[in-house]
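Please look over the structure below before you read my comments.

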Amino acid sequence: MPSVGVIKGEKFRLYLGGSVVAYSTECTIDLSAAEVEIVHKDNAGASWRNVQLGQKSGTVTVSALFSEDGAANTHDVLFNALANGTSLTAKCSTEVTGDYRYNFTLVCTNFSVNATVNENASFSATFAIDGAPTIEIVT
């Protein structure tokens, strides 16, 4: 049965290679499409422009607390994905039966570690979506 009501952020997680990103504090999916303006002699000077969608692209970001004893897919996996140019299979989902799951192939384009005095150390990563993402219902 799918989730009911507004889903809290801690329920919607990023999974890399089937394992949740350990100690994550946020994840974001950003999908967009380029606008291609359609200008021709029949609509030149019109009050409203005509557009169609061009090439689509997307990014996924994740932030997490830095830990050496976390589950799989912590800072070392993300560092190695960037250093080696490795693609990662990923999904964002609650993993509750009946809820939606977004599926991606990701390439890590940015990896950052933050260690401020008297604060929890953290890391973040940004990924480019490689190819078309898909959406499905968790079964």
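The points below go from the whole chain to single residues.

1. **Ground rules.** This is a predicted model, in which local features need pLDDT of at least 70 and side-chain atom pairs count only at pLDDT 80 or more, while totals for chains, interfaces and linings use all residues. Residues are numbered from 1 along each chain as its sequence is written, and side-chain values use heavy atoms, with hydrogens and water left out.

2. **Overall fold.** Helices (H or I, at least four residues) and strands (E, at least two) are DSSP runs, numbered from the N terminus. Read along the sequence, the order is β-β-β-β-α-β-β-β-β. The radius of gyration is 19 Å, well over the 14 Å that the globule rule gives for 139 residues, so the protein is more spread out than a compact globule. That radius is taken over C-alpha atoms, and the rule is 2.2 Å times the number of residues to the power 0.38. Along its principal axes, the C-alpha trace spans about 65 × 40 × 30 Å.

3. **Burial and surface.** How much of the protein counts as buried? The figure is 26% of the 139 residues. Buried means under 20% relative accessible area, exposed means over 50%, and partly exposed lies in between (1.4 Å probe, protein chains only). The protein exposes about 9,000 Å². Carbon and sulfur atoms supply 51% of that area. Accessible areas come from the Shrake-Rupley method with a 1.4 Å probe; for residues, only the protein chains shown count as cover.

4. **Contacts along the chain.** Take the contacts between residues at least 6 apart in sequence. Of these, 63% join residues at least 24 apart. A contact means heavy atoms within 4.5 Å.

5. **A nonpolar patch.** Tyr100, Tyr102, Ile135 and Ile137 make a nonpolar surface patch of about 400 Å². Strand S6 (100–114) and strand S8 (134–137) are the elements that give two or more residues to the patch. Patches are made of residues with over 30% relative accessible area and no salt bridge; like charges are joined within 9 Å, and nonpolar side chains (Val, Leu, Ile, Met, Phe, Trp, Tyr) within 5 Å. Tyr102 is found in strand S6. Its relative accessible area is 31%, so Tyr102 is partly exposed.

6. How many salt bridges does the structure hold? There are five. A salt bridge is a side-chain nitrogen of Lys or Arg within 4 Å of a carboxyl oxygen of Asp or Glu. Lys91, Glu95, Arg101 and Glu136 are linked in a network of them. Arg101 meets Glu95 at 2.8 Å, N to O. Arg101 also meets Glu136 at 2.8 Å, N to O. Arg101 lies in strand S6 and Glu136 in strand S8, so this pair ties together parts that are 35 residues apart in sequence. Arg101 is buried at 13% relative accessibility. Glu95 is partly exposed at 26%, and Glu136 is partly exposed at 33%.

7. **Another salt bridge.** The side chains of Arg49 and Glu37 also form a salt bridge, at 3.9 Å, N to O. Arg49 sits in the loop between S3 and strand S4 (50–65), and Glu37 in strand S3, twelve residues apart. Arg49 is partly exposed at 48% relative accessibility. Glu37 is partly exposed too, at 45%.

8. **Positive phi angles.** Most residues other than glycine have a negative phi. Tyr23 has a positive phi of about 55° although it is not a glycine. Tyr23 lies in the loop between strand S2 (19–20) and strand S3 (24–38). Its relative accessibility is 41%, so Tyr23 counts as partly exposed. Asn118, likewise not a glycine, has a positive phi near 60°. Asn118 is in the loop between S6 and strand S7 (122–129). At 76% relative accessibility, Asn118 counts as exposed.

9. **One more loop residue.** Glu119 is also found in the loop between S6 and S7. Is Glu119 buried or exposed? Glu119 is exposed, with a relative accessible area of 57%. Glu119 and Asp69 are 50 residues apart in sequence. In space they are 18 Å apart, C-alpha to C-alpha.
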